[in-house]
Amino acid sequence: MPQYLDVFISPISDNPTAQVLMVALLISIAMDVILGITGAALRHEIRSHKMREGLMHKISELALVLAADVLD
């Protein structure tokens, strides 16, 4: 693994609690996306711009959690 990536990965790989919390966050994000798509499909309101906006929110949430873990 390149040295510059190890800086971001090691705080999570060295801490079992952080690993569990990261998996819980990823499961929560996946459930939110699945339920959002399902709800929109049931209402016949699937819009690509809303999906893009929601995915960008999820990606930024994940990036902020990773950044906070690295800074901690």
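What follows is a friendly chat about the predicted model shown above.

Reader: Hi! What kind of model is this, and how are the residues numbered?
Author: This is a predicted model, in which local features need pLDDT of at least 70 and side-chain atom pairs count only at pLDDT 80 or more, while totals for chains, interfaces and linings use all residues. Residues are numbered from 1 along each chain as its sequence is written, and side-chain values use heavy atoms, with hydrogens and water left out.

Reader: What is the mean pLDDT of the chain?
Author: The mean is 88, and 99% of the residues reach 70 or more. For reference, pLDDT is the predictor's confidence in each residue, from 0 to 100.

Reader: Where is confidence lowest, and where is it highest?
Author: Confidence is lowest in helix α1 (residues 3-13), with a mean of 76, and highest in α2, with a mean of 92.

Reader: What is the radius of gyration, and what would a compact globule have?
Author: The chain has 15 Å, whereas a compact globule of 72 residues would have a value near 11 Å. The radius is taken over C-alpha atoms, and the globule rule is 2.2 Å times the number of residues to the power 0.38. Along the principal axes, the C-alpha atoms fill a box of roughly 45 × 20 × 20 Å.

Reader: What share of the residues is buried?
Author: Buried residues make up 12% of the 72 in the chain. Here buried means under 20% relative accessible area, exposed means over 50%, and partly exposed is in between (1.4 Å probe, protein chains only).

Reader: And the accessible surface, what does that come to?
Author: About 5800 Å², of which 69% belongs to carbon and sulfur atoms. The areas come from the Shrake-Rupley method with a 1.4 Å probe, and for residues, only the protein chains shown count as cover.

Reader: Switching to charges: how many salt bridges turn up?
Author: A search of the whole structure finds 2 salt bridges, each defined as a side-chain nitrogen of Lys or Arg within 4 Å of a carboxyl oxygen of Asp or Glu. One of them joins the side chains of D32 and K58, at 2.5 Å from N to O. That pair links distant parts of the chain, with D32 in helix α2 and K58 in helix α3, 26 residues apart.

Reader: Which side chain does E45 meet?
Author: E45 meets R43 in a salt bridge of 3.2 Å, N to O. E45 is partly exposed too, at 43% relative accessible area.

Reader: What's going on at H44?
Author: Phi of H44 is near 55°, which is a positive value in a residue other than glycine. H44 sits in the loop between α2 (16-42) and α3 (48-71), and H44 is exposed, with a relative accessible area of 69%.

Reader: Back to K58: how far from L26 is K58 in space?
Author: Their C-alpha atoms are 9.5 Å apart, although L26 and K58 are 32 residues apart in sequence. L26 is in helix α2 and counts as partly exposed, at 42% relative accessibility.

Notes
Helices (H or I, at least four residues) and strands (E, at least two) are DSSP runs, numbered from the N terminus.
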